Amino acid sequence: MVALIPYITAGDPDLPTTAEALKVLDSCGSDIIELGLPYSDPLADGPVIQATATRSLARGTNFDAVISMLREVLPQLSCPVSLFSYYNPILRRGIGKFMTIIKDAGVQGLVVPDVPLEETEILRMESSKNNIELVLLTTPTTPTDRMKSIVSASEGFVYLVSSVGVTGTRTNVSTRVQTLLQDIKQATSKPVAVGFGISKPEHVKQPEWGADGVIVGSAMVKLLGEAKSPEEGLKELETFTKSLKAALIKE
């Protein structure tokens with residue numbers, strides 16, 4: 001069955017709501033949850049996730065607060081949580097120190113969207129030392145040879161960005177995804193999850209893709225960030241996640 005990998009931003013609308021949202025996503029059958037650390041210069045993110053990061057930072061969300069929330073919540077979840085962090089905050093803290101902190105909090109994976117492949121060596125060394133799976137991204141414009149290096153270095157799964165440019169919800173997910181998936185599948189036996197642009201149950205119902213997982217981000221954070229109240233946002237998040245999970249189960 002195709003894995004459901006929702007993405008939410010830590011601290012939007014606030015950290016207590018993020019804690020509840022993690023529990024909701026877990027109870028609705030998510031296979032992995034990606035939690036974004038808000039960053040002031042999010043290059044890979046579209047307007048929806050940029051706005052959510054801006055709101056979160058404006059409310060004073062910081063790394064230490066996110067980590068202490070995770071220490072409390074993660075023991076209550078049955079599915080693994082991966083952090084989605086830009087490279088700069090990791091470098092600022094020191095790669096080894098960052099990995100130890102997130103490992104001690106119970107985080108099991110790390111996605112770093114803007115790290116060049118050439119600089120992943122130390123990240124990979126420190127993440128494997130701490131049993132953190134470092135997931136790398138490949139895109140429609142990645143040259144084949146480079147894609148092969150990325151998929152061999154990526155751990156856990158390979159993150160396929162399904163369209164060029166930034167994250168966001170799109171009405172049609174690129175048909176080129178299918179071709180890309182076939183190319184990646186020829187290069188690796190690791191599972192491949194498709195992200196950037198998946199926002200409706202019908203997007204996840206595309207079995208001919210051959211994706212092993214779907215990553216749903218902008219659509220999730222929109223529900224939480226734009227709801228009239230945190231309670232309403234959590235209710236909508238639950239309904240939406242259940243609809244995605246149901247669509248995947250029907251495959």
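1. Axes here are lines fitted to C-alpha atoms, for helices over the stretch in contact, and angles run from 0 to 180 degrees between N-to-C directions. The model is a predicted one.

2. Helix packing. The axes of helix H3 (residues 63-73) and helix H5 (residues 95-105) lie 8 Å apart, at an angle of about 30 degrees. H3 therefore counts as roughly parallel to H5, because angles under 35 degrees are put in that class. On the H3 side the contact is made by Phe-63, Ile-67, Leu-70 and Arg-71, and on the H5 side by Phe-98, Ile-101, Ile-102, Asp-104 and Ala-105. By type, these residues are 7 nonpolar and 2 charged, with no polar ones.

3. Overall content. The chain has 11 helices and 9 strands. Of its 251 residues, 55% are buried. Among contacts with a separation of 6 or more, 73% are between residues 24 or more positions apart.

4. The sheet. The 9 strands form an open sheet with parallel pairing, in the order E5-E4-E3-E2-E1-E9-E8-E7-E6. Strand E5 (133-135) and strand E6 (137-138) are the edges, each pairing on one side only. E6 is joined to strand E7 (residues 158-161) by 2 bridges, and the two run parallel. Thr-138 stands opposite Leu-160 in E7. Helix H11 (residues 230-249) packs on the sheet, where it touches strand E1 (3-9) and strand E9 (213-216). The direction of H11 makes about 160 degrees with that of E1.

5. Nonpolar cores. The largest core has 68 residues, and those with the most contacts inside it include Leu-22, Leu-35, Leu-70, Leu-83 and Ile-102. A second, separate core has 16 residues, among them Ile-5, Tyr-39, Phe-84 and Phe-157. Beyond four places in sequence, Leu-83 is in contact with Leu-35, Leu-37, Leu-70, Phe-98, Ile-102, Val-107, Gly-109, Leu-110 and Val-111. Leu-70 and Phe-98 also take part in the contact of H3 with H5.

6. Is Glu-34 buried or exposed? Glu-34 has 0% relative accessibility and so counts as buried, the cut-off being under 20%. Glu-34 belongs to strand E2 (residues 33-36). Apart from neighbours within four places in sequence, its contacts are Ile-5, Pro-6, Tyr-7, Ile-8, Ser-82, Phe-84, Val-111, Phe-157, Tyr-159 and Ile-215. Of these, Ile-5, Phe-84 and Phe-157 are also members of the second core.

Key: Residues are numbered from 1 along each chain as its sequence is written. This is a predicted model: local features need pLDDT of at least 70, side-chain atom pairs count only at pLDDT 80 or more; totals for chains, interfaces and linings use all residues. Side-chain values use heavy atoms; hydrogens and water are left out. Helices (H or I, at least four residues) and strands (E, at least two) are DSSP runs, numbered from the N terminus. Buried means under 20% relative accessible area, exposed over 50%, partly exposed in between (1.4 Å probe, protein chains only). Contact means heavy atoms within 4.5 Å. A nonpolar core is a set of buried Ala, Val, Leu, Ile, Met, Phe, Trp, Tyr and Cys residues joined through side-chain atoms within 4.5 Å. Two strands pair if DSSP finds at least two bridges between them. Angles under 35 degrees count as roughly parallel, over 145 as roughly antiparallel, 65 to 115 as roughly perpendicular and the rest as oblique. Ala, Val, Leu, Ile, Met, Phe, Trp, Tyr, Cys and Pro count as nonpolar, Asp, Glu, Lys and Arg as charged, and the others, Gly among them, as polar.
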